[in-house]
Protein chains: 2
Amino acid sequence: MAVTMADVARRAGTSIAVVSYVVNGGPRPVAARTRERVLAAAAELGYRHNRVAAALRSGSSGLVGVVLPDTVNPYFAALGQRLEEALSASGKLMVVANSGYDGQRQAAVIDALLGAQVDGLIVVSAPGADDPAGLAAESGVPLVHVHHRPPGSDTTLVAADNAAGVAAAVAHLRGHGHGHDRVDFLAGPTDEGPVGDRVAAWRATGVPGELLRSEYGRAAAARLVAGLKAAPRALVAATDEQAVGVLAGCGAAGIEVPGRLALISCDGSSETGFTVPPLTTVEQPLAEMARRAVRHLLGEPVPGTPPTATLAIRRSCGCSHPGFSGVGATD
Amino acid sequence: MAVTMADVARRAGTSIAVVSYVVNGGPRPVAARTRERVLAAAAELGYRHNRVAAALRSGSSGLVGVVLPDTVNPYFAALGQRLEEALSASGKLMVVANSGYDGQRQAAVIDALLGAQVDGLIVVSAPGADDPAGLAAESGVPLVHVHHRPPGSDTTLVAADNAAGVAAAVAHLRGHGHGHDRVDFLAGPTDEGPVGDRVAAWRATGVPGELLRSEYGRAAAARLVAGLKAAPRALVAATDEQAVGVLAGCGAAGIEVPGRLALISCDGSSETGFTVPPLTTVEQPLAEMARRAVRHLLGEPVPGTPPTATLAIRRSCGCSHPGFSGVGATD
DNA sequence: CTGAAAGCGCTTACAG
DNA sequence: CTGAAAGCGCTTACAG
C-alpha cells in the first residue's frame, strides 16, 4: 500500500541501504548522481519516511512527551507553544497530555507516553504527583521538569528566577508616585513550588503587608475578594489566574482597579494585556525556559544561571499608559 | 535493555504469542492460569508494552494528530483539551501541532504527522490552507475537519450550528428590557468559515445594524474601537477574542460596558466568565464537537444534525447578575 | 561509494 | 488453548 524504501530502491536501481543514507543524510556518503536518482524516484513515487519503522530500528521515535497540568490555562498554553517551537526546531514532535493537576492522572499519562517510546519527557509537575524520575530512568528516557518539580526531587528543573521581578513589583508599588506603604501578597493554598518562591521574594523585601491565600483558579480568587471586609490597597498576585479573578471580583464588588486597589500579577501570559485595566505583571521568560528544557533533553549545554522574570508595566498598578491596552500587544 | 515480550514469555514459561494475547486482551483466548502467570511475570519484570513495535506490525500507532491554528487562543485550547479527553477515552494519544494560522506551516505539520504514522488527523483549517484530504487519503489516514474546513472542501466537517444562538443573541439585545433597535455585528476580515455563518445568521434576523470588520486578534478589535467615531450601542462580536479586544478598547476609551455598549460574543471559552463585565456569549458545544470528531475518525456512527451553540447570559449584555462574575464558574 | 543481510519488538495467520 | 515463524519498514554493522 504505502511506498517503502524498497520501492524507491528498485525504481532508482540501487539498494535500500543507499536510499536510507540519502533520506537520512547519512551515516554513509552517497555519490551525487546516485543521490539524484534516489531523490527523483522518491518524489515520483510519493515516498514518505516511515518514522515508526525507523523508530523501532534506531530506538528514537522523534516524539517528546509534554505533561502539563492544564493546557487551557493561558500560562501553560503559552509554555506549551514555546515548547513546541523549540522541539520542532530540533525535528521533534510534541505529544501533550493534561494531568488536570492530578498526580494519579499524571502517572497514567506518563506511562502512556513511555509506552509510545518518547525520546524525552518534559513535565510540569502536578501538585502531589510522584517524582517520575524513576520511571523515566528505567526506560532510559531523559526527563526534565519545568516550572515545578515534586518537593524533594533532584531532577533537573528549568524555572525562572522570580526574586528580582517580585522585588521590582513591590518596589514599583511603593515608589514611582504610587507610594503605597503596605503591599499585600496573594499566594496559593501552600508555599509549594514556584509560588512559594514568589512568596519568599515578597517576604524578603521586608515591606509590610498581609499574606492572603486562595486556590489557584480564577473563581477562587474572585470569591476571596468578594469575601474581604477591607480590600488591599496594593496587591501582588502570585499568578495571572488569580489576578484575573481578583479583577473579576473587584469588578463585581465595585472596587476600582487601580484607583482603589493597585494590582500586579506574576506570569505575564498574553491575556494580561487585554484585561480592563491591563495588568502590570512580572513576566516569565517562557521562550527561554522552553529552549533550555529542550537543550537539556538533547544533552546540549544549558546555562547555569536561571533566566529571570522581569516587570512589565501596564495599568493595573496605577501607571497611566498612552492609548488603549492593546497598543503594542500582538495578541 | 528494555524488557520485551520474549523476556516475559521465558519467565512465564510460555510463548510470546500468548504474552501478546494477554497484553492485548486478544485476539485469541488464553487459559486463566496461563494469563495469571504472564501477568505475574510482566509485573515482576516491569514489562512495558512497546507501542512502536506494535505499530509497525499492526499498522496502528495509537497516535492521532491534531492541527490547531493557535493553541494559546482559549477557544482552540479548550477544543484541544476536549479532543484529548475524547481521544484518551479511546486509548489514543494526541499529537498537537500549531499551524500559526499559516497554510504553509499547516502543510508541513501535517506532513510530519503523517510521517509519524498517525491513525487519524483532526484539523482546524488555517485560512488559505490547502485541503489536506488528498495527502491523508494517499496515506490511508482518516481525516476530519473541526470548526473550519477549506472553502470548497467536501471532507467531513464537525461544527456547531450557530444560527439559533446568534438569533437568540440578537433577540436578547432587542427584547428583555434591553430594547435596542439596532444590533451591530463585528465580523472578521472575510466571511470565510464559521464566522461567515455567524454573519449570515445575524443578517437573517433582519434586525437593522451595521457590519463592522476587524482582524481576529484582540489587539485589532481594540484598535477598531479606539478608531470609531461613534461606538455601537449593541454589538455581537463573532469571536471571544474580538469581544475581549472590544472590552479592552472600551476600557481604554472610557466606554462603559454594558451601560454605553451592550456586548455579546460568540465562542464562550472560559475566559469570558472572568472579564469585567463577564461576557454574555453564544457558547460552542466543544465537548460534543470533540466527541463527534473522534467518533468519525474511529468510523463510529455520528448524528446527522450538528450540535447547537446556545446563549449563555452573563452581564455584558446589560443583564444584572447576582454576585460577582465568578459565581458558578469553574475557571 | 554500494549492497546483502540481520534484527529492532511486536502481531498474526497457520498449524497443532 | 498454545507455539513456531514470518514479516511490518526501517538502520546499521559488515563485507566488498
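## Salt bridges within chain B

B:R291 has a relative accessibility of 44% and therefore counts as partly exposed, a class lying between buried (under 20% relative accessible area) and exposed (over 50%), with a 1.4 Å probe applied to protein chains only. Its partner in a salt bridge is B:E288, with 3.1 Å from N to O, where a salt bridge is a side-chain nitrogen of Lys or Arg within 4 Å of a carboxyl oxygen of Asp or Glu. B:E288, with a relative accessible area of 24%, is also partly exposed; because the two residues stand 3 places apart in helix α12 (residues 286-297) of chain B, about one helical turn separates B:E288 from B:R291. Salt bridges with shared partners also join A:R218, A:E241 and A:E271 into one network.

This is a predicted model, in which local features need pLDDT of at least 70 and side-chain atom pairs count only at pLDDT 80 or more, while totals for chains, interfaces and linings use all residues. Residues are numbered from 1 along each chain as its sequence is written, chains are lettered from A and ligands numbered from 1 in the order in which they are written, and side-chain values use heavy atoms, with hydrogens and water left out.

An α-helix has 3.6 residues a turn, so residues three or four places apart point the same way. B:E85 is partly exposed at 42% relative accessibility, and B:R82 is partly exposed at 34%. Over all chains, the search finds 24 salt bridges.

## Relation of the two chains

## The interface

The contact, meaning heavy atoms within 4.5 Å, takes 58 residues from chain B and 57 residues from chain A. Because 98% of the interface residues of chain B are also interface residues in chain A, the copies meet through the same surface. About 4,700 Å² is buried between the chains, with carbon and sulfur atoms giving 62% of this area; buried area is the accessible area (1.4 Å probe) that two parts lose on being put together, summed over both.

The rule finds 2 salt bridges across the interface, and A:R48 forms a salt bridge with B:D111, with the closest N and O atoms 2.6 Å apart.

A:Q81 lies in helix α5 (residues 74-89) of chain A, helices being DSSP runs of H or I with at least four residues and strands runs of E with at least two, numbered from the N terminus. A:Q81 is buried, at a relative accessible area of 18%. Leaving aside residues up to four places away in sequence, A:Q81 touches B:D70, B:T71, B:V72 and B:N98.
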